[in-house]
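Some questions about a protein model are set out here, each with a worked reply. Please keep the model in view while reading.

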Amino acid sequence: AKYSDVDIAKFINYIMESGKKSTAQNVVYDAFEIIKDRTKQDPRHVFNKALKKVSPLLEVRGRRIGGANYQIPFQVRGERRFNLGCRWIIEAAHDRKGKPMREKLAEEILAAANGEGAAMKKREMMHKMAESNKAFAHFAR
């Protein structure tokens, strides 16, 4: 717990594979060092800003009503918002090619903090689907 922040500790746990926590910590802390070098800001603030921008407000869930399936928009609860935001940032970093994970993660966090990148694109797609299906919002209970 280098930064003594619960969100960062959870993020490290999401990155962890096969129980290798020290490796995940090294990846995240190295990515934070890269962010610190590039922006001259506290990496925690950049990380929180990126998470806030990436986390979705609305999502769609499929529901079967009268023999038809409808995509119904719902508001996303706080814990799920955090989870989805972290997951999308990690997936987008994994999809970048040709660099070590710490650099890919740092670039994706910086891109998300600036409102760009694959994770932001995923959020926009989610919001667009919720917007286009808001006619079915009355099916939500």
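Predicted model: local features only at pLDDT ≥ 70, side-chain atom pairs only at ≥ 80, totals over all residues.

Q: At roughly what angle do the axes of helix H1 and helix H4 cross?
A: Helix H1 covers residues 6-15 and helix H4 covers residues 78-95. Their axes come within 10 Å. The crossing angle is roughly 50°.

Q: Are H1 and H4 roughly parallel or oblique to each other?
A: Angles under 35 degrees count as roughly parallel, and 65 to 115 as roughly perpendicular. The axes of H1 and H4 cross at roughly 50°. H1 and H4 are therefore oblique.

Q: How many nonpolar residues are in the contact of H1 with H4?
A: On the H1 side are Asp7, Lys10, Phe11, Tyr14 and Ile15, and on the H4 side are Glu79, Phe82, Asn83, Cys86, Ile89 and Ile90. Of the residues in this contact, three are charged and one is polar. The number of nonpolar residues is seven.

Q: What is the handedness of the crossing of H4 and H6?
A: The axes of H4 and H6 are 8 Å apart, at an angle of about 130°. The two helices are therefore oblique to each other. Their crossing is right-handed.

Q: How many polar residues does the contact of H4 with H6 have?
A: H4 brings Trp88, Ile89, Glu91 and Ala92 to meet Ala118, Ala119, Lys122, Arg123 and Met126 in H6. By class, six residues of this contact are nonpolar and three are charged.

Q: Which residues in H5 are met by H4?
A: The axes of H4 and H5 come within 8 Å and cross at roughly 125°. From H4, the contact takes in Ile89, Ile90, Ala92, Ala93 and His94. Their partners in H5 are Met101, Lys104, Leu105, Glu108 and Ile109.

Q: Which residues have the most contacts inside the largest nonpolar core?
A: The largest nonpolar core has 37 residues. H1, helix H2 (21-39), helix H3 (43-54), H4, helix H5 (101-113) and helix H6 (117-132) each give two or more residues to this core. The residues with the most contacts inside the core are Phe11, Val28, Phe32, Ile89, Leu105 and Ile109.

Q: What does leucine 105 touch, not counting residues up to four places away in sequence?
A: Leu105 is among the residues with the most contacts inside the largest nonpolar core. It also belongs to the H5 side of the contact with H4. With residues up to four places away in sequence not counted, leucine 105 touches Phe11, Ile15, Val27, Val28, Ala31, Ile89 and Ala93.

Q: Is asparagine 133 buried or exposed?
A: Asparagine 133 lies in the segment after H6. Leaving aside neighbours within four places in sequence, its contacts are Val60, Gln71 and Pro73. Buried means under 20% relative accessible area. The relative accessible area of asparagine 133 is 15%, so this residue is buried.

Q: What is the relative accessible area of lysine 21?
A: Lysine 21 is in helix H2. It touches Ile12, Asn13 and Met16, with residues up to four places away in sequence not counted. Lysine 21 is partly exposed, and its relative accessible area is 37%.

Q: How many Å apart in space are lysine 21 and glutamate 107, C-alpha to C-alpha?
A: In sequence, lysine 21 and glutamate 107 are 86 residues apart. In space, the C-alpha to C-alpha distance between them is 22 Å.

Terms used
Residues numbered from 1 in each chain as written. Heavy atoms only, no water. Axes fitted to C-alpha atoms, helices over the stretch in contact; angles between N-to-C directions. Helix = DSSP H or I, 4+ residues; strand = E, 2+ residues; numbered from the N terminus. Parallel < 35°, antiparallel > 145°, perpendicular 65-115°, else oblique. Contact = heavy atoms within 4.5 Å. Nonpolar A, V, L, I, M, F, W, Y, C, P; charged D, E, K, R; others polar. Core = buried A, V, L, I, M, F, W, Y, C linked by side-chain atoms within 4.5 Å. Buried < 20%, exposed > 50% of the residue type's maximum accessible area, 1.4 Å probe, protein only. Left-handed = near helix turned anticlockwise from the far one by under 90°.
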